[in-house]
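The sequence and the structure are shown first.

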Amino acid sequence: MAGSRLTTVTTNTTANSKVTVKTDPTELIYLAKTIYGEARGTNHESKVAVGWSIRNRVERKFRGSTYKEVVTAPWQYDAWLKNDPNYREVQHPSNKAAWNDSLDAAREVYYAASASNPIPGATHYYSPDAQAQLHKKDPKMYPAVPRFLTLDAIQVPNPSGVSEHDLKFYKNVR
């Protein structure tokens with residue numbers, strides 16, 4: 001994951017001119033957009049933890065081997081479902097502060113050494129508070145706990161600064 005922080009992109013702005021800009025790699029943008037879609041209302045530590053759960057999936061090749069493949073795999077992240085109300089917001093973030101924090105969190109995860117992973121092995125998470133609200137609205141559609149929580153799933157301790165009311169992380173999910 002480590003490497004050059006920015007990618008050089010050359011674009012033609014007119015027939016006779018070219019502009020070269022430095023931009024984040026596309027894979028990092030998929031990570032940032034997913035963090036924004038999944039955790040924009042949380043603190044920075046929570047956004048970073050969500051980012052690490054995604055990176056863990058990429059490194060394990062769980063539903064793909066790139067950030068784009070992993071986050072856009074069917075039924076993995078609601079923010080990428082085209083019929084989800086959050087989809088448009090993920091494509092065009094309107095909350096600049098939350099977007100900038102999500103992008104910073106994505107950069108922090110994308111360029112970090114594997115040894116700094118605060119949730120080693122965790123590939124799944126859920127929000128107990130959000131799940132309870134959804135379950136109350138539609139118990140048939142939303143169980144009290146997510147379906148991925150089988151007897152094999154093992155909860156990983158939350159990193160410092162991440163509330164267990166906001167997020168819980170799990171490894172050994174198939």
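Helices (H or I, at least four residues) and strands (E, at least two) are taken as DSSP runs and numbered from the N terminus. On that basis the chain has six helices and five strands, which follow one another from the N terminus as β-β-α-α-α-α-α-β-α-β-β. The model is predicted: local features need pLDDT of at least 70 and side-chain atom pairs pLDDT 80 or more, while totals for chains, interfaces and linings use all residues. Residues are numbered from 1 along each chain as its sequence is written, and side-chain values use heavy atoms, with hydrogens and water left out.

Of the 174 residues, 42% count as buried; buried means under 20% relative accessible area, exposed over 50%, and partly exposed in between (1.4 Å probe, protein chains only). Contact means heavy atoms within 4.5 Å. Among contacts between residues at least 6 apart in sequence, 60% join residues at least 24 apart.

**Largest pocket**

A pocket is an open set of points on a 1 Å grid over the protein atoms alone, where a 1.4 Å probe fits and protein lies on both sides within 12 Å along at least five of seven lines; lining residues have an atom within 4 Å of a point. A volume is the space filled by probe spheres set on the points, which are joined across faces, edges and corners.

| Property of the largest pocket | Value |
|---|---|
| Volume | about 1,400 Å³ |
| Lining | 36 residues |
| Nonpolar lining | 18 residues |
| Polar lining | nine residues |

E38, Q76, D78, Q131 and L134 lie nearest the centre of the pocket. Two or more lining residues come from each of α1 (26-39), β3 (124-126) and α6 (128-137), and α1 gives the largest share, four residues.

**Helix α1**

Ten of the 14 residues of α1 are buried, so this helix is largely enclosed by the rest of the structure. Among the buried residues are L28, Y30, L31 and I35. Their cover includes α2 (44-60), α3 (67-72), α4 (86-91) and α5 (96-110).

**Residue N158**

N158 lies in the loop between β4 (154-156) and β5 (168-171) and is buried, with a relative accessible area of 17%. Its side chain reaches the backbone oxygen of L167 at 2.8 Å, where a polar contact is a pair of N or O atoms within 3.5 Å, one able to donate a hydrogen and the other to accept it, and residues adjacent in sequence count only if both atoms are side-chain atoms.

Definitions and conventions. Ala, Val, Leu, Ile, Met, Phe, Trp, Tyr, Cys and Pro count as nonpolar, Asp, Glu, Lys and Arg as charged, and the others, Gly among them, as polar.
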